[in-house]
Amino acid sequence: MSNSNGNVAVVAVLGAGTMGSGIAQVFAAAGAAVRLYDVDLARVEKARDGVKAGLAKVVAKGKLTAEAAEKIVAAIAPATSIAEASRGAELVIEAAPEDMALKISLFREAMAHAPKEAILGTNTSSLSITELGSRLGAGARTIGLHFFNPPPVMELLEIVRGVATADETVERARAIARAIGKTSILVNDVPGFATSRLGVILGAEAMRMLETGVASAADIDRGMELGYRHPMGPLKLTDLVGLDVRLAILEHLQKEIGEQFRPPPILRRLVRAGHLGKKTGRGFYEWTAEGPKEIR
Ligand code: 3HC
């Protein structure tokens with residue numbers, strides 16, 4: 001059991017993509033033993049290398065000692081199966097693609113090995129926590145723990161409460177947020193929660209503007225960066241999050257809420273071409289070691 005101050009001794013993170021590896025880092029930095037699982041074990045190794053490289057920059061800035069960085073990386077243990085990841089875990093977090101059937105199968109397997117009271121936290125950006133909990137037969141301990149990219153840097157944890165989520169689970173989630181240094185908001189389970197709904201609509205409108213020739217990607221982004229003080233414009237942000245991730249959210253919200261979320265054709269085209277943003281080196285920008293470069 002996690003204790004009342006929210007410290008969790010053992011966490012299973014299922015999915016070692018951008019979000020899973022960042023979430024693993026966050027818990028490892030807070031002192032937890034993390035078991036990181038991915039269907040592709042090579043991705044787990046890549047994730048650990050990514051954490052190491054990210055922390056090296058923090059060390060170079062003098063904000064973390066090399067020993068502390070090493071300890072964080074060492075606290076992230078690769079797991080070769082969901083069973084291995086979940087045994088003894090007080091918290092199981094999945095950060096797999098936005099596919100309800102996939103998330104259900106990951107949690108079902110985890111539930112067969114994790115303690116009966118383990119919290120089942122999903123990092124979904126938009127899928128229903130209520131449906132997930134109900135289909136798992138574990139609504140009371142199922143909760144949305146929505147992290148933001150990059151998880152080690154972003155301060156927010158959006159906690160999403162399903163219809164059947166127990167008060168105790170919400171309280172534990174809030175305590176966990178504090179223990180990992182995040183500020184939480186509590187949101188009821190509606191499609192897109194509070195943040196995805198607003199975030200993707202801005203991104204989609206920017207894409208529609210780009211494809212109807214309103215301005216270049218760089219100028220659309222600069223407009224929001226300098227005119228609205230967004231740290232990063234909506235197209236650059238889409239590259240950071242992943243075009244495939246944004247497309248899945250838009251498709252889901254179009255179905256659940258309405259036509260204002262229809263994915264722009266340019267997004268589908270780029271995803272079909274495999275241009276998924278920063279993680280593949282190209283999206284609305286070309287991503288080099290120096291950062292995003294405008295595509296002309
Ligand atoms: N581990 C730990 N700390 C790190 C780190 C790492 N891997 N990488 C960077 N940091 C620290 C740095 O040391 C620095 O700390 P300091 O302020 O004390 O010096 C701080 O984080 C900022 O790092 P940088 O200086 O390298 O980065 P920038 O100032 O250029 O900011 C950014 C980069 C944080 C990505 C910023 O551009 C930003 O906030 N962009 C918007 C991000 C955003 O909106 N994310 C949400 C996306 S939506 C989402 O994720 C939801 C999902 O469901 C789709």
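Predicted model: local features only at pLDDT ≥ 70, side-chain atom pairs only at ≥ 80, totals over all residues.
Is Phe107 buried or exposed? Its relative accessible area is 0%, so Phe107 is buried. Gly133 lies 26 residues from Phe107 along the chain, and their C-alpha atoms are separated by 9.8 Å.

Now step back to the whole protein. It has 12 helices and 10 strands. How does its radius of gyration compare with what the globule rule gives for 296 residues? The radius is 19 Å, close to the 19 Å of the rule, so the protein is as compact as a globular protein of that length. Along the principal axes, the C-alpha atoms fill a box of roughly 55 × 45 × 35 Å. Of the 296 residues, 49% count as buried.

Take the contacts between residues at least 6 apart in sequence: 66% of them join residues at least 24 apart. The accessible surface comes to about 13800 Å², and carbon and sulfur atoms account for 55% of it. As for charge, the protein has 36 positive and 33 negative charges. Their mean positions are 2 Å apart.

Next, go to the loop between strand E6 (142–146) and strand E7 (156–161), where Asn149 is found. Pro150 is found in that loop as well. What kind of peptide bond joins Asn149 and Pro150? The bond is cis, with omega about 0°.

Which backbone atom does its side chain reach? The answer is the backbone oxygen of Leu240, at 3.0 Å.

Val8 is placed in the segment before strand E1 (10–14). Its relative accessible area is 9%, so Val8 is buried. Val8 and Pro150 are 142 residues apart in sequence. In space, C-alpha to C-alpha, they are 21 Å apart.

Phe193 lies in the loop between strand E8 (183–188) and helix H8 (195–211). Its phi is near 50°, a positive value in a residue other than glycine. Arg229 is found in the loop between helix H9 (217–227) and helix H10 (234–241). Here phi is near 60°, again a positive value in a residue other than glycine.

Which of these residues is buried, and which is exposed? Phe193 has 3% relative accessibility, so it counts as buried. Arg229 has 76% relative accessibility; exposed means over 50%, so Arg229 counts as exposed.

Methods:
Residues numbered from 1 in each chain as written. Heavy atoms only, no water. Helix = DSSP H or I, 4+ residues; strand = E, 2+ residues; numbered from the N terminus. Polar contact = N/O pair within 3.5 Å; in protein donor to acceptor, adjacent residues only side chain to side chain. Rg over C-alpha atoms; globule rule 2.2 N^0.38 Å. Buried < 20%, exposed > 50% of the residue type's maximum accessible area, 1.4 Å probe, protein only. Contact = heavy atoms within 4.5 Å. Areas by Shrake-Rupley, 256 points an atom, 1.4 Å probe, with all protein chains shown as cover. Lys, Arg positive; Asp, Glu negative; His and termini not counted. Charge placed at Lys NZ, Arg CZ, Asp CG, Glu CD.
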